[in-house]
Amino acid sequence: MAATIITTEDLREFKEELLEDIKAIINHQSGFAPKKWLKSPEVRNLLSISPGTLQNLRINGTLPYTKVGGVIYYDYEEILKVMEENRIHNKF
């Protein structure tokens, strides 16, 4: 019987694919469909951050927003994009 060598990178790729599949299943089963525009309290809950931290993310330009009639809205897709762009890949 031939032996197959599995590398750390193979395992990492498998983990990422598995997590994406699990997320898709959970989102499909729960009927989760994120809104296009989120208000500040929703973003704070989503990211588990304080009002001050959210304000700092706005001020320093990290998190884009739209202000309409005194209400601040954040694009859900932009939040995901910021999270992906700021991902840190540690190599053990």
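**An open sheet and its helices**

In the predicted model, 3 strands form an open sheet in the order 1-3-2, with antiparallel pairing. Strands (E, at least two residues) and helices (H or I, at least four) are DSSP runs numbered from the N terminus, and two strands pair if DSSP finds at least two bridges between them. Strand 1 (37–39) and strand 2 (66–68) stand at the edges with a single partner strand each, so one side of each lacks a neighbour in the sheet. Neighbouring strands are turned against each other by 40 degrees on average, direction ignored. Strand 1 pairs with strand 3 (residues 71–75) in the antiparallel sense over 3 bridges, and W37 stands opposite D75 in strand 3.

Residues are numbered from 1 along each chain as its sequence is written. Because the model is predicted, local features need pLDDT of at least 70, side-chain atom pairs count only at pLDDT 80 or more, and totals for chains, interfaces and linings use all residues; side-chain values use heavy atoms, without hydrogens and water.

Helix 4 (residues 76–85) lies across strand 1 and strand 3, at about 60 degrees to strand 3. Axes are lines fitted to C-alpha atoms, for helices over the stretch in contact, and angles between N-to-C directions run from 0 to 180 degrees. The axes of helix 2 (residues 40–47) and helix 4 come within 12 Å and cross at roughly 35 degrees. V43, L46 and L47 of helix 2 and Y76, I79 and M83 of helix 4 make this contact (heavy atoms within 4.5 Å).
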